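Me: I'd like to learn how to read a structure feature by feature. Can you take me through this one?

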Amino acid sequence: MKKILFPILFLSLCKVYAQTGPQITFESETIDYGEVAQDSDGLRIFKFTNTGDASLVIKNAKSSCGCTVPKKPEGPIAPGESGEIVVNYDTKNRVGQFRKTITLTTNIESQPMVALKIKGNVLPKTD
């Protein structure tokens, strides 16, 4: 009897541990604006896919300053589905180099916090 139950129990445990839960994979975790003109469009998009086997929930998205406004998906992202984090950097009132971080809070147990980065250089207006 033990010879029969052990393999069944072992295979059951392997299946439980093989599940990964939600996982987030970005096309890129950094967006380089390069050199952009003052007052130009500061909108950029981080594209991602849920590569796990459970629904991904992005609970919060916040930036390191008020000059960068992130927008997250409102609902859960199913396994295999894609989504976007839309980021708008204010190029109207800033000139010079910038580096900002967008922090996501997710339902991923192994890595609940994900950091995305934007960087670039806003050139002053030339009249």
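Me: What percentage of the 127 residues in the protein chain do buried residues make up?
Reply: This is a predicted model, so read every value as computed from it. Buried residues make up 30% of the 127 residues in the protein chain.

Me: How many helices and strands does the protein chain have, and in what order do the elements run?
Reply: Start with the inventory. From the N terminus, the order is α-β-β-β-β-β-β-β-β.

Me: What share of the contacts with a separation of 6 or more comes from residues 24 or more positions apart?
Reply: Contacts can be sorted by separation in sequence. Here, residues 24 or more positions apart account for 67% of the contacts with a separation of 6 or more.

Me: In which sense do S2 and S8 pair?
Reply: Parallel. S2 and strand S8 (residues 113–123) pair that way over six bridges. For a place to look, find Glu 35, which stands opposite Asn 121 in S8.

Me: Which strands form the open sheet with antiparallel pairing?
Reply: Four strands, in the order S1-S3-S6-S5. S1 and S5 are the edge strands, and each pairs on one side only. The twist averages 30° from one strand to the next.

Me: How many bridges join S5 to S6?
Reply: Four bridges join S5 to strand S6 (residues 82–89), and the two run antiparallel. Lys 71 stands opposite Val 86 in S6.

Me: Which residues of S5 are on its covered face, and which on its uncovered one?
Reply: Read the faces of a strand separately. In S5 (residues 68–71), Thr 68 and Pro 70 make up the covered face. Val 69 and Lys 71 make up the uncovered one.

Me: Next, the core. Which residues touch the most other members of the largest nonpolar core?
Reply: The general idea first. In soluble globular proteins, nonpolar side chains tend to be buried together. Here the largest nonpolar core has 23 residues, and Phe 26, Phe 46, Ile 85, Leu 104 and Ile 118 touch the most other members. The elements giving two or more residues to this core are strand S1 (24–26), S2, strand S3 (43–50), S4, S6, strand S7 (96–106) and S8. S8 gives the largest share, four residues.

Me: What is Ile 118 in contact with, leaving aside its neighbours within four places in sequence?
Reply: Its contacts include Ile 31, Tyr 33, Phe 46 and Thr 68. Val 87, Tyr 89, Phe 98 and Ile 102 are also among them.
Reply: A pair of aromatic rings is described by the distance of the centres and the angle of the planes. The structure holds five aromatic pairs. Take Phe 26 and Phe 48: their centres are 5.5 Å apart and their planes are at 55°, so the pair is tilted. Phe 26 is in strand S1 and Phe 48 in strand S3, 22 residues apart. Both are buried.

Me: Is the pair of Tyr 33 and Phe 98 stacked or edge-to-face?
Reply: The centres of the Tyr 33 and Phe 98 rings are 5.3 Å apart and the planes are at 80°, so the pair is edge-to-face. The pair links distant parts of the chain: Tyr 33 sits in strand S2, Phe 98 in strand S7, 65 residues apart. Tyr 33 and Phe 98 are both buried.

Me: Which residues do ring pairs link into a cluster?
Reply: Phe 26, Phe 46 and Phe 48.

Me: Last, the disulfide. Which cysteines does it join?
Reply: A search of the whole structure finds one disulfide. It joins Cys 65 to Cys 67, with an S to S distance of 2.1 Å. Then read the torsion: about the S-S bond of Cys 65 and Cys 67 it is about -65°, so the disulfide is left-handed.

Me: Is Cys 67 buried or exposed?
Reply: Buried, with a relative accessible area of 3%. Cys 65 counts as partly exposed, at 23% relative accessibility.

Methods: Residues numbered from 1 in each chain as written. Predicted model: local features only at pLDDT ≥ 70, side-chain atom pairs only at ≥ 80, totals over all residues. Heavy atoms only, no water. Pairing = 2+ DSSP bridges. Buried < 20%, exposed > 50% of the residue type's maximum accessible area, 1.4 Å probe, protein only. Core = buried A, V, L, I, M, F, W, Y, C linked by side-chain atoms within 4.5 Å. Contact = heavy atoms within 4.5 Å. Axes fitted to C-alpha atoms, helices over the stretch in contact; angles between N-to-C directions. Disulfide = S-S within 2.5 Å. Phe/Tyr/Trp six-rings, centres within 6.5 Å; stacked < 30°, edge-to-face > 60°.
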